[in-house]
Amino acid sequence: MPATTTGDVAALLLGGAEATSRPVALSPPVRREGAVPALALEDFSPIGSGAPAVSLSIAPGEALTLLAIDGNGADLLGAAVAGSRSARGGLRVAGRSIRPGSCLAFRAAGGAFIPADRRAEGLVAGLSLAENLFLRRPPGRFTIDRAALATSAADRLRRFGVRASGPDAPARELSGGNQQKLLLARELEPLPKLLVAIHPTRGLDIASSGDVRARLLDAARSGAGVLVVTADPEEAQELGAPVRVVYRGALSPPLPASTSLAELGRFMAGLAA
Amino acid sequence: MKARTVLGVAIGTLAAAALLVLLAGASPADAFAALLRGAFGSKAAVGETAARSTGLVLTAVAAVVAFRAGVLNIGLEGQFLAGAAAAAAVGPLFPDLPIAARAAVVFAAPLAGALQAAPAVWLAEKRQVPPVLSTILLNLVAVAGVTWLVRGPLRDPAGDYPQSRALSDAVLLSPLVPGARATAAVLAALGLAATAAFLLARTPLGLALRAVGEAPRAARAAGLPDVRLRSGAFLASGALAGLAGGLEVLALTGRLYDPFSAGVGYSGIAAALLGGMTPLGGAASGFLFAALGAGSSALQRDAGVPSALASIVPALAVLGLLLARGGRTAESSR
C-alpha cells in the first residue's frame, strides 16, 4: 500500500483537487421588494424555551442567517418555524397564517425543512433513496408507478450529485454528505416558498459543505425565502446573506455578512451592546 | 431476513422438536408422518387446517398492519373477542334472512374490533401511553367482558351452559367442499392478506405507513399526517382481528362461549414475527401454525406423542428467529 502523506489526507478531506480552494464567495441574493414575505414571524417563541418572542420577516428571494452558539435557541426557533416544535405567536408562510407546531400546515403553505438531525428527523433510513425522495407524492395515481419512480429518482440523484449505487439502495447506506444532498434533492424540488435549514453543513466535508451552501443560495436566487441556522461564523460570512445573531433567544439587529469574525464573535458571546 | 437465517432456524426448530419427541418415547419419523397425515392426509384434514388458518392468518395480517406503522398491537386477542361477541350479538337477529345476518356480522365484527382498539389509540396519541401496555390491559377487559356477556345479556335462555344463542344453520357459512370444515372465510382471509401486501408495497398510502413506522419523526417533519396514519393503521388492525373473531363465530362455532379463544390473537403476533412482518409471510406462518394444530390430534392418536408438543414447535421457531435476528442486530451495530 503506498504511503499517504498528510497533504493527501488533507486533499481527501477537502473532497478532491477541484475543491481544495475555499468555496467561491457567493454573491448575495437580490431582494424583491413589495412581495408577500416568504416568512413573517410576529411575537413568535418556541414553547418551553423561555426565550423572548421574536419578530422577523424574509422576502421571497432573500436569505437570512441565524448565527448562534448551540443552546441559545436558534435551532429551536428554526425547528418551531418548520412546525417540528410547538410554539406560540404569529407565523405566516408565503402570506398564509399557520398554526405553530404543525409540520403538515407548514408544508401545505409551501415550506421545506432540512432538520438538524438528518438521520432521525430527515431521512427514513430503511426506505430506498427513491422512496425517500417521493415520500409524500410518489408518481402514479392509485398505485405507485415504479418505473416512473425509478427514472425520476435516478434523474434527481444525478442532478443533485448524490453518489449511490442506485435509486433502490437503502438511505442508510449513504455517507453524511450524500444524505444531506438527498434531503436537498427532496426539499428543493419543486422549489419551496420558504426553506428552513438547520446546521445544514454540520459534520460534512468541505466539498459537500460548499455544495450544500451553493444549493441553498441557488434556491434563494430562484425566488425561495431561505432561513439558515448555523453555529459557524465563517459559514455565515460565506453565505453572504444578512446575519442575525441569536443570544439567549434574542435577535441582534441585522448585520452584513462582511462583518468581521471578531465582531460576530462578540455578538455570539453576548458582549455587544 | 436472510434465507440462511430462515433455513438455520427451521433446521434448529426441527432438531429441537425431534429431541422432544424422543424424550416423549416415540420415533421422530413416525411423529412427523402422523402430523402430516393429520394436517394434510385427507380432505377432512386439509379442511381442518384451512378452517383453523382463518383466524391465524387474519390476526397475523392485523399484527403486520399495525407493526409496519410503528404500533405494537398486543391487543389482537381482545379485538378478536370483541369481534366474536359482536357476531354473537347480531348474528341471531335475522334467523330467516341469511344474507342480512351474514352482512350484519361482517359489518359489526370489524367495527367492534376497531372500537376495542380505540381506547388504546386515544391513549397512545393523546397521552403517550405505550400501546403494548394499554392493549394488554384491554385484553383483560375483553376476556372479562366475554365472561359477563355469556352469563348476562347474551346468554341463551334455552340452554344450561353460559353461552350465547346459536346462529341458525341457514346463517352459518357452509363448507366449500362437502366433508371438509373450511368455508369461504378462509378465502376472505387470504384475499385480505394479499390486499394488505399490495397496499403496503405498491400504494402511496403503504409507502406513507412504512415511513411513519420506520422513522416517525422524519415522516412527521416531511409533512406526512403521522397521527392519522398511525391511528388509522391501529384501528384497521383492530378491525381485522375483530373480523377474525366474527368469522370464527360465523364459520365455525356458531355462538360465543367462555373461554372463547385459546390465544389466537397471541398466535397471530407470533405468526407475524415468524413471517418477517410481511402480510404474505404472516399468512404463510399462520397457515403453518394451523397445520400444526390440525395435525396435533393425529400426533397424539397415532404416534403417542402429547398433542401439546405441536404447540411448542411454533413457539420454538419464533424464539429461534428472535435469537438469530437479535444476534445479527448486535453485530451490525457494533
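**Entry 1: chain B, element order**

In what order do the elements of chain B run from the N terminus on? I looked this up in a predicted model. I read α-α-α-α-α-α-α-α-α-α-α-α-α for chain B.

Next I checked the overall dimensions. The radius of gyration of chain B is 20 Å, close to the 20 Å from the globule rule for 334 residues, so chain B is as compact as a globular protein of that length. I took the box along the principal axes, and the C-alpha atoms fill roughly 60 × 50 × 35 Å. I then looked at burial: 54% of the 334 residues of chain B count as buried. For contacts with a separation of 6 or more, I found that 77% in chain B come from residues 24 or more positions apart.

**Entry 2: the nonpolar core**

Which residues touch the most other members of the largest nonpolar core? I noted Val61(B), Ala85(B) and Leu240(B), in a core of 193 residues. Helix α10 of chain B, residues 226-253, gives the most to this core, with 14 residues. I kept a general point beside this: in soluble globular proteins, nonpolar side chains tend to be buried together.

I followed Ala85(B) further. Leaving out residues up to four places away in sequence, I listed its contacts as Ala112(B), Gly145(B), Val146(B), Leu149(B) and Leu256(B).

**Entry 3: the four-stranded sheet of chain A**

I turned to chain A. One open sheet has 4 strands in the order β2-β1-β4-β5, with antiparallel pairing. Its edge strands are β2 and β5 (96-97), and each pairs on one side only. Helix α2 (residues 74-81) packs on this sheet and touches β1, β2 and β4 of chain A. I noted an angle of about 120° between the directions of α2 and β1(A).

I went through the pairs in turn. β1(A) and β2 (residues 54-58) share 4 bridges in the antiparallel sense. There, Leu39(A) stands opposite Ile58(A). β1(A) and β4 (residues 87-93) are antiparallel too, joined by 6 bridges. Glu42(A) has Gly90(A) as its bridge partner in β4(A). β4(A) and β5(A) run antiparallel over 2 bridges. I found Arg92(A) opposite Ser97(A) in β5(A).

Why do I call β1(A) largely enclosed by the rest of the structure? I do so because 6 of the 8 residues of this strand (residues 39-46) are buried.

**Entry 4: the six-stranded sheet of chain A**

I then took the open sheet of 6 strands, in the order β6-β7-β8-β3-β9-β10. Its pairing is mixed. β6 (111-114) and β10 (250-251) are the edge strands, each pairing on one side only. Helix α8 (residues 206-221) packs on the sheet and touches β3 (63-67), β7 (194-198) and β8 (225-230). The direction of α8 makes about 150° with that of β8(A). Helix α10 of chain A (residues 261-268) also packs on the sheet, touching β3 and β9, at about 35° to the direction of β9(A).

β9 (residues 243-247) and β10(A) run antiparallel, joined by 2 bridges. Tyr247(A) has Ala250(A) as its bridge partner.

**Entry 5: where the chains touch**

How many residues does the contact take from each chain? I noted 21 from chain A and 17 from chain B. On the chain A side, α3 (103-108) and α4 (118-122) are the elements that give two or more residues. By class, I recorded 13 nonpolar, 4 polar and 4 charged residues on that side.

Conventions: Residues are numbered from 1 along each chain as its sequence is written. Chains are lettered from A and ligands numbered from 1 in the order in which they are written. This is a predicted model: local features need pLDDT of at least 70, side-chain atom pairs count only at pLDDT 80 or more; totals for chains, interfaces and linings use all residues. Two strands pair if DSSP finds at least two bridges between them. Two residues are in contact if their C-beta atoms, placed from the backbone, lie within 7 Å. Axes are lines fitted to C-alpha atoms, for helices over the stretch in contact, and angles run from 0 to 180 degrees between N-to-C directions. A nonpolar core is a set of buried Ala, Val, Leu, Ile, Met, Phe, Trp, Tyr and Cys residues joined through C-beta atoms within 7 Å. A residue is buried if 20 or more other C-beta atoms lie within 10 Å of its own, exposed if 12 or fewer, and partly exposed in between; C-beta atoms are placed from the backbone. The radius of gyration is taken over C-alpha atoms; the globule rule is 2.2 Å times the number of residues to the power 0.38. Ala, Val, Leu, Ile, Met, Phe, Trp, Tyr, Cys and Pro count as nonpolar, Asp, Glu, Lys and Arg as charged, and the others, Gly among them, as polar.
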